Amino acid sequence: MDMQRIASLRLEYSDRYVVVEGDRPELARFRGRVGRVQTINCNGRAVVQFEGVDRSWYDLDLDYLKIVEAPKTSSETPAAASAATGKATSNPAEAKGESYRPSALEIAREAKEKAPSSDSLRAGGGEPSDRKTDNNIDESSGNVG
């Protein structure tokens, strides 16, 4: 395929939403799904990323693609509603919905913030220790001195 034809296809299809049409068995897994054309490769085939959990890119023949309107975005989510009204929520449960569960990383960060630091435990509480050990190492900074 010549490069002028590829360039014109890229202008026509890039960043457009498509659905797969056709009765080929290898295309059955894409039926009913909307995807966005990332680009047209040098073989004249579309590189499509479908909406949903599977964010992989697929190399599909243009004969089986139909351009459609962009899918409607749901503005009923709490985060989108707060963005529309200009109010930001400080509670992550409100921002992400009622079924929000913190991730393991968020749980670990909260536990770290609540736990006393190891420096304050060695010093007996309060401020970190400024005393030097027998081998002249400053415990608070790790410097020899």
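Which residue in β2 does V19 stand opposite? In this predicted model, V19 stands opposite V34. The legends below place this pair in its setting.

**Figure 1. Overall architecture of the predicted model.** The secondary structure of the protein comprises 5 helices and 5 strands. Along the sequence, these elements follow the pattern α-β-β-β-β-β-α-α-α-α. Of the 145 residues in the protein, 19% are buried. Among contacts with a separation of 6 or more, 35% are between residues 24 or more positions apart. The protein exposes about 10800 Å², and carbon and sulfur atoms supply 50% of this area.

Figure 2. The 5 strands form an open sheet in the order β4-β3-β2-β1-β5, with antiparallel pairing. β4 and β5 stand at the edges and have a single partner strand each, so one side of each lacks a neighbour in the sheet. On average, neighbouring strands of this sheet are turned by 45° against each other, direction ignored.

**Figure 3. β1 and its two partner strands.** β1 pairs with β2 in the antiparallel sense over 3 bridges; the residues V19 and V34 stand opposite each other in this pairing. β1 also pairs with strand β5 (residues 65-68), in the antiparallel sense and over 4 bridges. In β5, V68 is the bridge partner of Y17.

**Figure 4. The loop between β1 and β2, seen at E21.** E21 is placed in the loop that lies between β1 and β2. With a relative accessible area of 41%, E21 is partly exposed. Apart from neighbours within four places in sequence, E21 is in contact with Y64 and K66. E21 and R31 are 10 residues apart along the chain, and their C-alpha atoms are separated by 7.2 Å.

**Figure 5. The hairpin of β2 and β3.** β2 and β3 pair in the antiparallel sense over 5 bridges, and R36 stands opposite Q49 in β3. The two strands form a hairpin with 5 residues between them. In the turn, G44 has a positive phi of about 80°.

Figure 6. Antiparallel pairing joins β3 and β4 over 4 bridges. In β4, W57 is the bridge partner of Q49, while Y58 stands opposite V48. This hairpin has 6 residues between its strands, and G52 in the turn has a positive phi of about 115°.

**Figure 7. Burial of β3 on both faces.** β3 is mostly covered, with 5 of its 5 residues buried. A46, V48 and F50 are buried on one side, and V47 and Q49 are buried on the other. Both faces of the strand are therefore covered, buried meaning under 20% relative accessible area.

**Figure 8. The largest nonpolar core.** This core has 15 residues, and those with the most contacts inside it are V48, L60 and L65. The elements that give two or more residues to the core are α1 (3-13), β1 (17-20), β2 (34-40), β3 (46-50) and β4 (57-60). β3 gives the most, with 3 residues. Residues up to four places away in sequence not being counted, V48 touches V18, G35, R36, V37, S56, W57, Y58, L60 and L65.

Figure 9. α1 lies across β2 and β5 and runs at about 150° to β2. The buried residues of α1 are I6, L9 and Y13. These three cover an arc of only 65° around the axis, which puts them on the same side of α1. The buried residues of the helix pack against β2 and β5, whereas M3, Q4 and L11 are exposed on the other side of α1.

Figure 10. E12 is located in helix α1. At 38% relative accessibility, E12 counts as partly exposed. E12 and T39 are 27 residues apart along the chain, with their C-alpha atoms separated by 9.9 Å. α1 is followed by D15, whose phi is positive, near 60°.

Note on methods. Residues numbered from 1 in each chain as written. Predicted model: local features only at pLDDT ≥ 70, side-chain atom pairs only at ≥ 80, totals over all residues. Heavy atoms only, no water. Core = buried A, V, L, I, M, F, W, Y, C linked by side-chain atoms within 4.5 Å. Buried < 20%, exposed > 50% of the residue type's maximum accessible area, 1.4 Å probe, protein only. Contact = heavy atoms within 4.5 Å. Pairing = 2+ DSSP bridges. Axes fitted to C-alpha atoms, helices over the stretch in contact; angles between N-to-C directions. Arc of directions from axis to C-beta. Areas by Shrake-Rupley, 256 points an atom, 1.4 Å probe, with all protein chains shown as cover.
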